[in-house]
Amino acid sequence: MTESSWSPSSWKSKPAAQAVNYPDQQHLERVLAKIHTLPPLVTPSEIERLRFQLGAVQRNEAFLLHAGDCAESFDACTQQNISAKIGLILSFSLILIWGGRLPVVRIGRIAGQYAKPRSSGTEKIGDREVPSFRGDNVNGLDPDDRTPDPERLLSAYFHSTATLNYVRGLLTSGFASLHHPRDWSLSHVRSPALRREFENITEGLSDALDFSRTIGVDSGRESVSFERGGGRGVLGEVDFYTSHEGLMLDYEQALTREFDAGGSLGSQQGAKKAFYNTSAHFLWVGDRTRQLDGAHIEYFRGIRNPIGIKVGPSLDNEELIQLLETVNPDKESGRVTLITRYGAGKIENHLAGHIQAVRSSGHPVIWVCDPMHGNTLTSSTGLKTRNFGTIISELTSCIRIHAESGSRLGGVSLEFTGELNDEGFSVTECLGGSMGLSEEQLGLRYQSFCDPRLNFEQSLDVAFLVSNHFKEERRGRKGENDIYAALGGKK
């Protein structure tokens with residue numbers, strides 16, 4: 001790809017799926033011009049650091065955790081919600097590290113995940129047919145607020161900035177320190193056998209942390225709290241990256257900036273230039289927008305950021321390889337993550353073939369399992385939900401098929417939330433898990449305006465499951481573990 005063949009606006013020459021029709025184009029242009037003058041949310045150096053770390057994931061030297069909300073809302077941009085989400089991601093990754101003895105690369109679906117693709121441009125609400133809700137950065141959830149408003153793009157920028165600012169503040173002031181233990185309460189676990197399995201893991205993890213402190217891993221300034229002048233140290237500082245689906249190309253273009261390739265913010269004479277999307281560290285293209293001749297792939301092929309591509313049952317082997325050739329013609333390490341989302345009933349028919357096709361092509365990729373999007377159903381009460389047993393069925397099938405194909409799963413992509421109400425109760429959006437959430441209980445605290453999310457307890461169920469798999473693998477044991485069966489995994 002030559003510089004003359006691509007520009008941040010060259011996508012406009014291609015058909016754009018999921019395009020938003022703004023009634024006032026001049027208003028849109030004014031807003032985009034303003035966004036273009038605003039500072040980047042993330043830096044090229046951070047993006048390059050993520051690319052390097054994803055290269056380690058690709059070599060099976062690290063594991064990728066990609067997690068957060070299906071779609072963020074402006075109203076959910078609060079201290080409590082952000083802290084809960086980051087806390088859950090940290091807890092989840094700590095459990096994975098314990099089982100896998102591998103570093104975890106953490107990418108949140110946060111600080112920009114406001115848009116949502118829709119299968120139809122309109123929806124029926126009561127007797128009215130209204131434009132579909134496209135996310136807080138496009139229009140309102142209220143049926144009377146469905147006209148796309150460019151000002152919402154500007155509001156999305158500032159809500160993303162506020163979110164990222166608070167996340168950075170948390171992670172540089174001791175929030176990630178293991179001196180601040182997470183809530184490891186297992187009171188929600190109904191199965192005695194499952195509770196014993198979880199207790200074995202948490203006790204082992206606690207013993208390891210105690211041992212580290214005893215032998216002086218956190219001696220000196222690291223043993224003093226951050227607030228009292230202590231250093232962050234190896235147990236107190238983590239890398240954290242942001243991501244969202246690159247759906248709104250006008251917005252993405254406005255935040256695409258040219259810098260010296262390699263991450264330098266300054267300009268060095270003779271240095272090669274590259275375009276970075278500075279709205280997030282990592283962006284992905286969805287199942288509905290990955291057309292080879294479409295605007296989204298045209299845009300994605302030119303940015304320096306690491307990118308994800310959603311891979312579903314409708315994507316054949318030849319098209320998959322063509323996509324890889326288009327977005328990563330030089331076969332660069334850490335550039336492309338393939339996020340598979342087949343559904344538990346379809347993964348057996350597609351994943352092995354995709355693995356073989358990619359291997360034959362010589363393209364370096366990271367394989368990540370999204371066990372959420374292919375397993376959505378509607379409850380008898382009309383609520384969109386997912387069954388926990390089906391979710392972990394696709395996840396464990398993915399792990400197995402990779403092993404049988406001489407490959408290895410490099411990460412998981414989950415929609416989850418750590419939100420709790422004032423009484424300390426989690427959301428109730430997905431069925432099952434160790435708390436045995438029933439269909440009758442879905443309405444107790446169903447909060448999502450998009451897709452159903454795993455709650456705090458169900459998320460840790462998945463963490464314990466994957467962690468235990470890695471532990472058994474390290475010990476040379478194979479086969480389904482007891483946790484999988486106890487959590488309702490499908491045989």
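1. Which backbone oxygen does the side chain of Ser405 reach? The side chain of Ser405 reaches the backbone oxygen of Ile401, at 2.8 Å. A polar contact here is a pair of N or O atoms within 3.5 Å; within protein, one must be able to donate a hydrogen and the other to accept it, and residues adjacent in sequence count only if both atoms are side-chain atoms.

2. The model is a predicted one: local features need pLDDT of at least 70, side-chain atom pairs count only at pLDDT 80 or more, and totals for chains, interfaces and linings use all residues. Residues are numbered from 1 along each chain as its sequence is written, and side-chain values use heavy atoms, with hydrogens and water left out.

3. Ser405 sits in the loop between helix H10 (388–404) and strand S14 (411–415). Helices (H or I, at least four residues) and strands (E, at least two) are DSSP runs, numbered from the N terminus. Leaving aside neighbours within four places in sequence, Ser405 is in contact (heavy atoms within 4.5 Å) with Ala352, Ile355 and Arg359.

4. The axes of H10 and helix H11 (residues 456–474) come within 12 Å and cross at roughly 25 degrees. H10 is therefore roughly parallel to H11. Axes are lines fitted to C-alpha atoms, for helices over the stretch in contact, and angles run from 0 to 180 degrees between N-to-C directions. Angles under 35 degrees count as roughly parallel, over 145 as roughly antiparallel, 65 to 115 as roughly perpendicular and the rest as oblique.

5. On the H10 side, Phe388, Ile392, Leu395, Thr396 and Ile399 meet Gln458, Asp461, Val462, Leu465, Val466 and His469 of H11. The residues of this contact divide into 7 nonpolar, 3 polar and 1 charged. Ala, Val, Leu, Ile, Met, Phe, Trp, Tyr, Cys and Pro count as nonpolar, Asp, Glu, Lys and Arg as charged, and the others, Gly among them, as polar.

6. H1 and helix H4 (residues 151–171) pack at about 20 degrees, with their axes 8 Å apart. That makes H1 roughly parallel to H4. His27, Leu28, Val31, Leu32, Lys34 and Ile35 of H1 meet Glu151, Leu153 and Leu154 of H4. By class, this contact has 6 nonpolar, 1 polar and 2 charged residues.

7. Helix H8 (residues 317–327) packs on helix H9 (residues 347–361) at an angle of about 45 degrees, with the axes 10 Å apart. The two helices, H8 and H9, are therefore oblique to each other. Asn317, Leu320, Ile321 and Leu324 in H8 meet Gly353, His354, Ala357, Val358 and Ser361 in H9. The contact of H8 with H9 has 5 nonpolar, 4 polar and no charged residues.

8. Aromatic pairs come to 9. Rings of Phe, Tyr and Trp (its six-membered ring) pair if their centres lie within 6.5 Å; planes under 30 degrees apart count as stacked, over 60 as edge-to-face and the rest as tilted. Trp6 and Tyr299 form a tilted pair, 6.3 Å centre to centre with 45 degrees between the planes. The pair links distant parts of the chain, 293 residues apart: Trp6 is in the segment before helix H1 (25–37) and Tyr299 in helix H7 (residues 295–300).
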